[in-house]
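Dear colleague,

Please find the structure below.

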Amino acid sequence: MLSVVIVTRNESLAIRDVLASVVSTLSSIPSTSARRHEIVLVDDSDDLSTIDAARQALMGEKRIDLNLVHRSPGERDGLTGAILFGLRVSANARVVVMDGDGQHPTDMLVNLAQQLSSSSVVFASRYIHINGDAGLSHAIRRVASRTINRFLIGTLGKYICCTDPLSGFFAVDKSAVTLPSTSHGGWKAGFLILTHNLADRRAELKYSEVGFSIAPRLAGESKLSLRTSFRILWELRCAARMLA
């Protein structure tokens, strides 16, 4: 069975369509009466509009287990913290993490889940297909994303054989990895899980990637700021020291 963790922040305009697509895809994957697929939505929005929109979109849904959580300001610890929270509370061992803004195509859920039969962590990479990042909101966003990724490959390429380990769209088998206890500030969740486990047991962890093309955002704006970009670059240097 598969759990899908979606983290949102002020995504009320997009979340209905995203959830409808996720439900449609999960419903096409066989399940049993004893164990069912699951959607975990962790909402860090400033108000209840996103979580209310999610409840309306999922009203009457009986085929899939639902876990909708709106975290209070005191509980919030950033995007990575929200993802780790979703991973911990998810009921199934196999989990796919995706955004709630519509940029991650839900037809990739099946592909990512299938890859977990031979890998513990699977990244959906924007850099396997030509112009796979074309759906990013504007040229500056694409340049920032590519710059950070190239810095990562240059810094950690001898430790991590992956084209897009900072992708926010990834799958993980919780039975095969150890989840980090903290969010480590600006670290991307999938990258944090990967480096945390590689540092502990390099030879045992199997990871892979599949290509996808990121879609245009349905609504809202990117949460990636210049400050966040510099923080990620600093954290990459820390990761290099940890893996060395």
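Asp-65 and Arg-36 form a salt bridge, with their closest N and O atoms 2.6 Å apart; the term denotes a side-chain nitrogen of Lys or Arg within 4 Å of a carboxyl oxygen of Asp or Glu. This pair links distant parts of the chain, 29 residues apart: Asp-65 is in strand β3 (residues 65-70), and Arg-36 is in the loop between α1 and β2 (38-43). Helices (H or I, at least four residues) and strands (E, at least two) are DSSP runs, numbered from the N terminus. Asp-65 is partly exposed at 31% relative accessible area, and Arg-36 is partly exposed at 28%. Here buried means under 20% relative accessible area, exposed over 50%, and partly exposed in between (1.4 Å probe, protein chains only).

The model is predicted: local features need pLDDT of at least 70, side-chain atom pairs count only at pLDDT 80 or more, and totals for chains, interfaces and linings use all residues. Residues are numbered from 1 along each chain as its sequence is written, and side-chain values use heavy atoms, leaving out hydrogens and water.

The structure holds 7 salt bridges in total. Another joins Asp-164 to Arg-126 at 2.8 Å, N to O. Asp-164 lies in the loop between α5 (139-156) and β6 (170-173), and Arg-126 in the loop between β5 (121-125) and α5, so the pair ties together parts 38 residues apart in sequence. Asp-164 is buried at 0% relative accessibility, as is Arg-126 at 10%.

Finally, Asn-10, a residue other than glycine, has a positive phi near 60°.

With kind regards
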